[in-house]
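Please read the following note alongside the sequence and the model. The points are numbered and may be taken in order.

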Amino acid sequence: MLALSGVDAGYGTFQALFGCTLEVRTGEAVAVIGPNGAGKTTLMRVISGLIPARSGTMTMQDLDLVATPPHNIIRLGIAHVPENRRLFPRMTVEDNLRMGAYIPMARARFGERLEFVYDLFPRMRERRNQLAGTLSGGEQQMCAIGRALMSGPKLLLLDEPSAGLAPVVVERIFELIRVIRERDLTVLIVEQNVQQVLQVVDRAYVLEAGSIRMSGSAQELSDNEEVRRLYMGL
Amino acid sequence: MGRLDTGRILVTLAVIMFACLAYVPTILREGDIVFALTDVYLYETMINGLLLGGVLALLSLGLNLIFGVIDVVWICYAEVVMLGMYAIFYCHTVFGLPLIPSMMIGIALTAVLGYAIHYLVIRHLVNAQPINQLLATGGLLFFFQSAATLAFGIEFRNLGVSLGSFALIQDIYVSWARLAAFATAAVCVFALYLFLTRSYMGTAIRAISQDREIMTLMGVQQGRMYLMTSAIGGGLAGLAACLLVLQYDVHPFVGLSFGPIAFMICVLGGLGNMVGGFIAAFIFSELIALGGYHFDIEWGYVFAFVFFIVMMFVRPEGLLGKRS
């Protein structure tokens, strides 16, 4: 579904990604793990067009992502849940969700998508008229994921969904990712919480200093001595 | 002390100050409280102040909308109003079109002008330093003034239309033009509120003012949204021009008489906060009206400016602005 090959990217004179190559197949859940500052968030931002790729190729279902303007990436079926949620804090939960369905094809099915999200996150239905900035951290994450699901995506990009959340809330967020997977969504997730994320994905890539260091199935990486020592503290 | 408490104290203080400004000078002058409380001319002044507030609110509305969404202050906003006034004047008196179609042309032209200002100038400065944005829009101010002087001359011109006035009650007269301006401003503020809260486009405009980058992920073309907002802001300037051209002469420098005050209203209300701007407009208009009634109209402006400066010390983020 998604394929990156030899992607370089960065900010100004600083290069953050060096020749990244990765693939996400339909129906899969894939994680990108790595230390702070490895370029994980940059990778997500390059895929969703917020940062242009300097070289390399990116395709989504054989359509060229590099040539697609950033605001059209969502039309190809890619929805990005950004780092730190980035909700619209002075708007209600429902208005936040409404913005998720901004593109015409999602807007036409707004009611149906809204029901889908409310079924997935009943808490959001209860909080629909509350300002998003007043939600708890976990609820904000649900709202951010809900907002991304409103566009009816094929591929969901999750950037550090567990960051800044209490351990008990993190458990619930990972549980929700399992539920989302059951709804036939393909997921690419960036996480520092390596132990837990490897339990919900099929495969993972290890990103270090802007380059893919290794990759394998979740089981292989869980058993890998280096991964266990560096990222799981075992 | 909580934020709400501060708000309440400020409202109470404002009411007391307003009552003092309204009645105390008359009591001191006449030595008679009953006279002050029943002074019909004072009440007429207050009503006129209220009506002026409507026009000022409308003037600040477009400026506030543009700042709230694009984060750029159009120093040249009043000059867009001035050009709108000229457009209406020429359509009506020179080309002989009826007043309402002339006004509609004026609004359309200022909307196009707002679009053009963004497309040609602001678009290139959206991510620039605020000082560069101010210099650019300040430059546009002088450009529009000079262009208007070259094109239309420096004569004061007026539409020659008078709507007259009517007696609200005995001895209290209200100008139709001011009442129309107030009513139009109120309807526009309400319509804009509905647009921003009920429509998809309006919700997107509010969203983009809270997080520019994320709206791109939602499929919104930021540049298009900014152009749309600039056109709406320009159109609102045109609407203000319709109301002002009925009451004031038009000349190339007419913007200077209400440009600074429109800007101050926006700042006092909290830049980008439309409700705050609306309240600030009425505070300013009453200060100007009451100052003018008790002393001279210039004193009214002095009071308004002093109040503004004091408020900038007390509450620099504006009445309803968020602390940063």
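1. Strand E3 (residues 29–33) of chain A is mostly covered, with five of its five residues buried. A residue is called buried if 20 or more other C-beta atoms lie within 10 Å of its own, exposed if 12 or fewer do, and partly exposed in between, the C-beta atoms being placed from the backbone. Helices (H or I, at least four residues) and strands (E, at least two) are DSSP runs, numbered from the N terminus. From E3(A), A:Ala29, A:Ala31 and A:Ile33 point one way, while A:Val30 and A:Val32 point the other way, and all are buried.

2. The structure is a predicted model, in which local features need pLDDT of at least 70 and side-chain atom pairs count only at pLDDT 80 or more, whereas totals for chains, interfaces and linings use all residues. Residues are numbered from 1 along each chain as its sequence is written, and chains are lettered from A and ligands numbered from 1 in the order in which they are written.

3. What are the partners of E3(A)? Strand E8 (residues 186–191) of chain A pairs with E3(A) in the parallel sense over five bridges; two strands pair if DSSP finds at least two bridges between them. Within this pairing, A:Val32 stands opposite A:Val190. E3(A) is also joined by four bridges to strand E9 (residues 203–208) of chain A, and these two run parallel. Here A:Val30 stands opposite A:Arg203.

4. Strand E7 (residues 155–159) of chain A has five of its five residues buried, so it is largely enclosed by the rest of the structure. A:Leu155, A:Leu157 and A:Asp159 point one way from E7(A), A:Leu156 and A:Leu158 point the other way, and all are buried. E7(A) pairs with E8(A) in the parallel sense over five bridges, and A:Leu156 stands opposite A:Val187 in E8(A). Four bridges join E7(A) to strand E6 (residues 78–81) of chain A, again running parallel; A:His80 has A:Leu157 as its bridge partner in E7(A).

5. Chain A also holds an open sheet of four strands in the order E2-E1-E4-E5, with antiparallel pairing. Its edge strands, each pairing on one side only, are E2 (14–24) and E5 (63–64) of chain A. Strand E1 (residues 2–11) of chain A pairs with E2(A) in the antiparallel sense over seven bridges, and A:Ala3 has A:Glu23 as its bridge partner in E2(A).

6. How many residues does each chain give to the contact between chains A and B? The contact takes 20 residues from chain A and 15 residues from chain B, two residues being in contact if their C-beta atoms, placed from the backbone, lie within 7 Å. On the side of chain A that touches chain B, the largest share, four residues, comes from helix H2 (residues 93–100) of chain A.

7. Chain B is divided into domain 1 (1–38) and domain 2 (39–314), with bounds that come from an automatic or database domain assignment. The C-alpha centres of the two domains of chain B lie 29 Å apart. Their contact takes eight residues from domain 1 of chain B and six residues from domain 2 of chain B.

8. Helix H12 (residues 274–294) of chain B has 17 of its 21 residues buried, so it is largely enclosed by the rest of the structure. H12(B) reaches 31 Å from its first C-alpha to its last, close to the 30 Å expected at 1.5 Å a residue; the expected span is 1.5 Å times one less than the number of residues.
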